[in-house]
Amino acid sequence: MVGVEKAIFDGAASFEPSQPDVYGNAHPKDLLRAITEEHEYLLALARSHIASAAQFERPLLLQLFRLAAKYEANPERFATPIKPLSGKLLISAFYEPSTRTRLSFESAWHRLGGDIMSITDRSTTGIAKGESLSDVAEMFNNYGDCVVLRDNREESVMEMMDKLRIPIINAGNGCDEHPTQALADLYTIMKWKPALLAEEPAEKIRIGVVGVPRRMRTVRSLLTLLSRFSGMVEEIVVIHDGADEELYAPGQKENLVREGLRIRESTDLNGELPDLDVVYINAIAWVKDGFEVMGGNLKLNANSPLKKSAIVLHPLARGDELCTSLDNTQHNWYFAQARGAVFMRMALLTCMVQRTEMVMDIV
Ligand code: CP
């Protein structure tokens, strides 16, 4: 016997179910207990477009974290018989590749009992014949209850918003924004240490962000959301390879500092690591129709001089910057981060299509 047949014979087909996240204590109950339900903040999301992280203020974020934690703490409770999205249709339009965002949005919608129409290639739509995105949006109004759009063009989400009478979520527009990724990132940090929710936490954290805020949509959106919790941040260290002359978009750093964040730049990853509590690493920047891998020698592996208690986050997909040797260490919170995104998106979608009251404890 050879090949797969031999592997199967040797036992490769059997497996032991294990926890979804081997590392990364993703259990959400402490976070759930730490936030009092105030559902009126969630009602504001009804029939609202989500284009930018800048739309989220602290009280709304807390309630979204709470609802996400409620879903994550007891996923079965809302699968049946409640099915909050029963009868609702999602249009999932991904004109740029995606593993996590598309599948986690679709998983979230399915888990809540809704139905989905999915476009994974613009060449299968009228866009291939020159149809404008505005006209596509006009059609979407008739076909679904909510749109999730990923497009490598920054302008696309705004073009669609102009014509849509159903809500749209920006699932990544070029190098501009990826607001729901940032929601998932912050949700992970809050599950890790719910005490950070206090206005002035007793212990603040130092966050390293490996990337270029001007060119990376996940970094841009995350920094905006972190500015809503500036009281928990001792310092943000933006770690870069020195190749980019302009690390920030015009006004970007000034806005973040005005919101209370202390930000410093560094090119010495290993020199910074021993003092960082959270290390967020990303190397992909979108450029027109493709992407560029940035960061050069800024790489993490199991031998990197990380603080013992530090957690590593990555929006994924990973490249050489995040070695698989970290996967089986307690620093690996990036898989928990990807898993939590499903529950975070469940929370957001429920509110956007006006089904919030079906999942509240107190109404
Ligand atoms: N985090 C993220 O946006 O991953 P995908 O590109 O796979 O959606």
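Biologist: Which residues surround the ligand?
Modeller: The ligand is surrounded by S98, T99, R100, T101, G172, H178, Q181, P315, L316 and A317; a residue is near a molecule if its C-beta atom, placed from the backbone, lies within 6 Å of it. This is a predicted model, in which local features need pLDDT of at least 70, side-chain atom pairs count only at pLDDT 80 or more, and totals for chains, interfaces and linings use all residues. Residues are numbered from 1 along each chain as its sequence is written.

Biologist: How does that shell divide into nonpolar, polar and charged residues?
Modeller: Three are nonpolar, six polar and one charged. Ala, Val, Leu, Ile, Met, Phe, Trp, Tyr, Cys and Pro count as nonpolar, Asp, Glu, Lys and Arg as charged, and the others, Gly among them, as polar.

Biologist: Which domains does the shell draw on?
Modeller: Domain 1 (21-176 + 340-357) and domain 2 (179-339) each provide at least three residues of the shell; the bounds come from an automatic or database domain assignment.

Biologist: And how many residues of the two domains are in contact?
Modeller: In domain 1, 37 residues are in contact with 36 residues of domain 2, where contact means C-beta atoms, placed from the backbone, within 7 Å. The side of domain 1 that touches domain 2 has 22 nonpolar, eight polar and seven charged residues.

Biologist: What separates their centres?
Modeller: Taken over C-alpha atoms, the centres of domain 1 and domain 2 are 23 Å apart.

Biologist: Changing topic, what does the C-alpha trace span?
Modeller: Along its principal axes, the C-alpha trace of the protein chain spans about 65 × 55 × 50 Å.
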